[in-house]
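Dear colleague,

My notes on its salt bridges and on one of its helices follow.

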Amino acid sequence: MEFEDLIKAAVPEAEVSGGVGRSRSFEIKLNDELLFSKLESGGFPDKRKIVDYIRDYNGSSKVTAIVDTQSSSCVIL
């Protein structure tokens, strides 16, 4: 399932948009505040944690950045 679909399933009223950013970047913003940055965390986000945070966000508090990344079973030698 695509990230957008996961978010929409948890928060049907959410507006999800995407765009091309800097090379090697992947950022998620919530209400124009940075929620996740691949450049800062070094990996891709744990999708479930992102979706849960968005679902539980009340809209009135400051966004707290998530730094947890998805576990990787890929080993590059």
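Is Asp52 buried, partly exposed or exposed? Asp52 counts as partly exposed, at 24% relative accessibility. In these terms, buried means under 20% relative accessible area, exposed means over 50%, and partly exposed lies in between (1.4 Å probe, protein chains only).

Before going further, please note that this is a predicted model, in which local features need pLDDT of at least 70 and side-chain atom pairs count only at pLDDT 80 or more, while totals for chains, interfaces and linings use all residues. Residues are numbered from 1 along each chain as its sequence is written, and side-chain values use heavy atoms, with hydrogens and water left out.

Salt bridges

The structure holds five salt bridges. A salt bridge here is a side-chain nitrogen of Lys or Arg within 4 Å of a carboxyl oxygen of Asp or Glu. Helices (H or I, at least four residues) and strands (E, at least two) are DSSP runs, numbered from the N terminus.

Asp52 takes part in a salt bridge with Arg48, at 3.9 Å from N to O. Because Arg48 and Asp52 are four residues apart in helix 3 (residues 47–56), about one helical turn separates them. Arg48 is partly exposed, with a relative accessible area of 46%.

Asp52 also forms a salt bridge with Arg55, where the closest N and O atoms are 3.0 Å apart. Both residues, Arg55 and Asp52, lie in helix 3, three residues apart, about one turn of the helix. Arg55 counts as partly exposed, at 43% relative accessibility. Through salt bridges that share partners, Arg48, Asp52, Arg55 and Asp56 are joined into one network.

A further salt bridge brings together the side chains of Lys49 and Asp68, at 2.7 Å from N to O. This pair links distant parts of the chain, since Lys49 lies in helix 3 and Asp68 in the segment after helix 3, 19 residues apart. Lys49 is partly exposed at 38% relative accessibility, and Asp68 is partly exposed with a relative accessible area of 36%.

Helix 1

The buried residues of helix 1 (residues 3–10) are Phe3, Leu6 and Ile7. Seen down the helix axis, these buried residues fall within an arc of 95° (taken from the directions from the helix axis to the C-beta atoms), so they line one face of helix 1. The buried residues of helix 1 pack against strand 1 (27–30) and helix 3, where contact means heavy atoms within 4.5 Å.

With kind regards
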